[in-house]
Amino acid sequence: DDGSQDKTKNILRKFAKKDARIRYVHDQLGCLGTTGNFGVLMRAALAEGADAIFFCDQDDIWLPFKIVTQLQSLHEMERQYEPGTPLLCYSDLEVVDQNLHPIHPSFMRYEKLEHEAHNPLEVLSTQNFVTGCAVLINRTLLEFATPIPDQILLHDWWLAVCAAACGRIGYIDEPLVRYRQHSRNQIGVVRLDRLINLSAARKRLSNMRDCMLATIGQAQALHQRMRG
């Protein structure tokens with residue numbers, strides 16, 4: 001909970017009392033934004049001794065077989081690569097509206113994104129193709145990527161470049177998440193038809209400029225982290 005003003009805290013406390021596997025995390029840091037909040041949770045997971053870490057957005061729906069499918073994929077990667085290799089596994093997503101009505105069966109194809117298996121860092125240096133709510137990482141990657149540097153724009157992009165630079169990225173070419181689109185998405189799907197409105201287009205272009213500057217800062221942060 002990042003300082004919500006509704007009944008979130010009480011709901012979380014009730015869940016935590018009912019199930020010992022649930023930890024209620026609260027602090028006085030205020031609303032840190034998406035990346036800041038996940039950064040706090042990554043530090044909490046690290047302190048808890050977590051071996052595998054999923055990232056979940058509150059407005060998306062995990063399909064029932066998501067966890068087991070990704071864990072199997074991660075275990076296969078662990079057998080394939082040397083012990084201690086930072087690993088990230090992610091999947092495709094089904095795009096749905098706020099009422100869960102289908103928009104497109106594949107987020108990757110809807111956004112014209114492709115998984116880059118041979119040289120992912122080259123692509124990830126300027127474009128992120130990994131979506132956070134579809135991500136699973138191992139502890140080695142968690143240790144390397146934590147804490148998230150201040151200049152990082154998106155936590156999932158940071159995890160992806162860290163895995164690409166120092167480890168491996170695996171992709172499951174099937175949707176394991178129903179990716180809900182609504183007016184309050186922090187990131188969400190961006191389509192060309194959203195740029196028809198001129199004010200929206202100007203804002204989008206400004207975001208693109210900020211994104212370009214952020215990629216430079218992210219590259220510098222990765223270089224510093226790799227040096228030690």
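Which residue does the side chain of R109 meet in a salt bridge at 3.9 Å, N to O? The side chain of D173 is the partner, where a salt bridge is a side-chain nitrogen of Lys or Arg within 4 Å of a carboxyl oxygen of Asp or Glu.

## About the model

This is a predicted model, in which local features need pLDDT of at least 70 and side-chain atom pairs count only at pLDDT 80 or more, while totals for chains, interfaces and linings use all residues. Residues are numbered from 1 along each chain as its sequence is written, and side-chain values use heavy atoms, with hydrogens and water left out.

## The chain as a whole

The chain has eight helices and six strands; helices (H or I, at least four residues) and strands (E, at least two) are DSSP runs, numbered from the N terminus. Read from the N terminus on, the elements follow the order α-α-β-β-α-β-β-α-α-β-α-α-β-α.

Of the 228 residues in the chain, 39% are buried, a word that stands for under 20% relative accessible area, with exposed meaning over 50% and partly exposed in between (1.4 Å probe, protein chains only). Among contacts (heavy atoms within 4.5 Å) with a separation of 6 or more, 71% are between residues 24 or more positions apart.

## Helix α2

In α2 (33-48), the 16 residues should span 22 Å at 1.5 Å a residue, and this agrees with the 23 Å between the end C-alpha atoms; the expected span is 1.5 Å times one less than the number of residues. T35, F38, G39, V40, M42 and A45 are buried in α2, and the buried residues of this helix pack against β1 (52-54), α6 (139-145) and α7 (155-166). After α2 comes G49, with a positive phi near 80°.

## Strand β3 and its partners

Strand β3 (residues 87-97) is mostly covered, since 10 of its 11 residues are buried. Strands count as paired if DSSP finds at least two bridges between them, and β3 is joined to strand β6 (residues 168-181) by 11 bridges, the two running parallel. In this pairing, V96 stands opposite R180 of β6.

With strand β5 (residues 135-138), β3 has three bridges and runs antiparallel, and V135 in β5 is the bridge partner of Y90. Two bridges join β3 to strand β4 (residues 102-104), again in an antiparallel arrangement, with V95 opposite H104. β3 and β4 form a hairpin with four residues between them, and L100 in the turn has a positive phi of about 70°.

## Salt bridges

The count of salt bridges comes to six. In one of them the side chains of D92 and R109 meet at 3.9 Å, N to O; D92 lies in strand β3 and R109 in helix α4 (residues 107-110), so the pair ties together parts that are 17 residues apart in sequence. D92 counts as buried because its relative accessibility is 1%, whereas R109 is exposed, with a relative accessible area of 52%.

The salt bridge between R109 and D173 links distant parts of the chain, with R109 in helix α4 and D173 in strand β6, 64 residues apart. Through shared partners, salt bridges join D92, R109 and D173 into one network. Another salt bridge is formed by D19 and R21, whose closest N and O atoms are 2.7 Å apart; D19 is partly exposed at 21% relative accessible area, and R21 counts as exposed because its relative accessibility is 71%.
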